[in-house]
Amino acid sequence: MSSTNLPSSMKAQVIESPNAPYKLVSLPLPQPQDPHDILLRVKAASYCHTDAVVASGALPGLPPTWPHINCHEFTGEVVIANSAAAALGFTPGARLAVAGHGFHCCGVCEECVAGPEIELGDLRGDVPGVSAYCPTSGTCGLTHPGGFAEYVVVDARQVNRIPDGLTDVEVAPLMCAGMTVFTALRKASVRPGMVVGVVGAGGGLGHLAMQFIEKIGAKPLGVESADEPLKLAREVAPEATIVDARTTEANEVCAKGESKKGVDVVLVLPESQKAFDYSMAMLRTRGTCVLVSFPIAGFHISAGDMIIRHLNILSVLGGTLSATEEMLQFAAKHGVKAKIETYPLEKLNELVAKYGQGAGGKYVVDMTV
Ligand SMILES: [Zn+2]
Ligand SMILES: [Zn+2]
């Protein structure tokens, strides 16, 4: 589609105030202003837990204004590439995957300048001048309009190309959920043969983490506490040990097979103290806990337990552009895919209701049909 025959308006799902349902409205077509801007026609937009938190108004200052368009993990096709975006090789028709963060990074702060010097376990930062962690950059779907619309403006420095063999719908949920757990595993330097616990193994992030761990050559050990997510965890990792936290204590997990000394690394995915305590109790001496979720009230940490057992705690926030590229290539090569249920844009509220039932997996707005 050339810019001359673009529509003047688009359909978008907006949240008008905290806790309001999504409302389908017609809005003027967004305009790419900055030289790095790309106007993207959205193909698939995936729902993340953070969308629910933002919609509830629980994150101070986010969104900065209402009404707001959510979704920070989406894919689409380039419609207009402004000058700097075109200079980076983006042309109309290119298929792009977008992780929300890093929109309009400043290029001059410590994060942006340090680039590859930044160490994140096995990962490095991005090229000098570009950082997903630039503190003044925005996030599509949080500080800026996101993917629950027919069109969205993105920054050419925050996007990845979609590898051959993966569809728009398959890639969308990898752009926050997949990228976050992949970064967590790389940051914790997970190696083949290590035992890696995933507390919340059947959730949106968890069921992807189980697959990445297995394909890295490590041994996933999944923990869940509800029937449907337990089923999903078993489905995506049939060889893995899967534990029902309702009937098995963390110390009993450590008495089993591969994990008899405790797990080497554990990812904490649910936002609950119980999940955190369970995760810490599963760790072996000198093990590493990776915080992925951040409950508003925080986690209580037993310093004594940490000190006596020489435990480490890391945290992860999304991933760099280079880490996301590595994740996409890895997912394409090893067939890592989310379990996905799709909805049309018009039925986003139905998607949200289904997500709320807690069956696990990922829920994606499909605009390719
Ligand atoms: Zn997210
Ligand atoms: Zn910066």
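Predicted model: local features only at pLDDT ≥ 70, side-chain atom pairs only at ≥ 80, totals over all residues.
Residues count from 1 along each chain as its sequence is written, while chains are lettered from A and ligands numbered from 1 in the order written. Local features need pLDDT of at least 70, side-chain atom pairs count only at pLDDT 80 or more, and totals for chains, interfaces and linings use all residues, with side-chain values taken from heavy atoms, hydrogens and water left out.

**Exercise 1. The zinc ion (ligand 2)**

Work out which residues hold the zinc ion (ligand 2) and what arrangement its donor atoms make.

Step 1: list the donors, meaning N, O and S atoms within 2.8 Å of the metal (3.2 Å for Na, K and Ca); water is not among the atoms, so sites may look incomplete. You get the SG atoms of Cys-106, Cys-109, Cys-112 and Cys-134, at 2.3 to 2.4 Å.

Step 2: read off the spacing, which is C-x2-C-x2-C-x21-C. Cys-109 sits in the loop between β6 (101-103) and α3 (110-114), and Cys-134, 25 residues apart from it, in the loop between β8 (123-124) and β9 (138-139). Helices (H or I, at least four residues) and strands (E, at least two) are DSSP runs numbered from the N terminus.

Step 3: check the angles. Four donors are tetrahedral if all angles lie between 85 and 135 degrees; here the 4 donor atoms subtend 105 to 117°, so the site is tetrahedral.

Step 4: Cys-134 has a relative accessible area of 4%, so it is buried (under 20%; exposed is over 50%, partly exposed in between, with a 1.4 Å probe and protein chains only).

**Exercise 2. The zinc ion (ligand 1)**

Find the protein donors of the zinc ion (ligand 1) and say which parts of the chain they tie together.

Step 1: the donors are Cys-48 (SG), His-72 (NE2) and Cys-176 (SG), at 2.0 to 2.2 Å. Their spacing reads C-x23-H-x103-C.

Step 2: Cys-48 is in the loop between β3 (37-46) and α1, Cys-176 in the loop between α4 (168-171) and α5 (177-187), so parts 128 residues apart in sequence are tied together. Both Cys-48 and Cys-176 are buried.

Step 3: pick up a neighbour of His-72. Thr-139, in strand β9, touches His-72, Gly-100, His-101, Phe-103 and His-144, leaving aside residues within four places in sequence. Contact means heavy atoms within 4.5 Å.

**Exercise 3. The open sheet**

Give the strand order of the open sheet of 6 strands and name its edge strands.

Step 1: the order is β14-β13-β12-β15-β16-β17, paired in parallel. Strands pair if DSSP finds at least two bridges between them.

Step 2: β14 (241-244) and β17 (312-315) are the edges, each pairing on one side only.

Step 3: zoom in on one pair.

Step 4: Axes are lines fitted to C-alpha atoms (for helices, over the stretch in contact), with angles from 0 to 180 degrees between N-to-C directions.

**Exercise 4. Two packed helices**

Describe how α6 and α11 pack.

Step 1: α6 and α11 (residues 321-334) meet at about 75°, with axes 11 Å apart.

Step 2: name the geometry. α6 is roughly perpendicular to α11 (65 to 115 degrees; under 35 is roughly parallel, over 145 roughly antiparallel, the rest oblique).

Step 3: list the contact residues. α6 brings Phe-212, Lys-215 and Ile-216, and α11 brings Met-327, Phe-330, Ala-331 and His-334.

Notes. Tetrahedral: all angles 85-135°; square planar, octahedral: opposite > 155°, others 65-115°.
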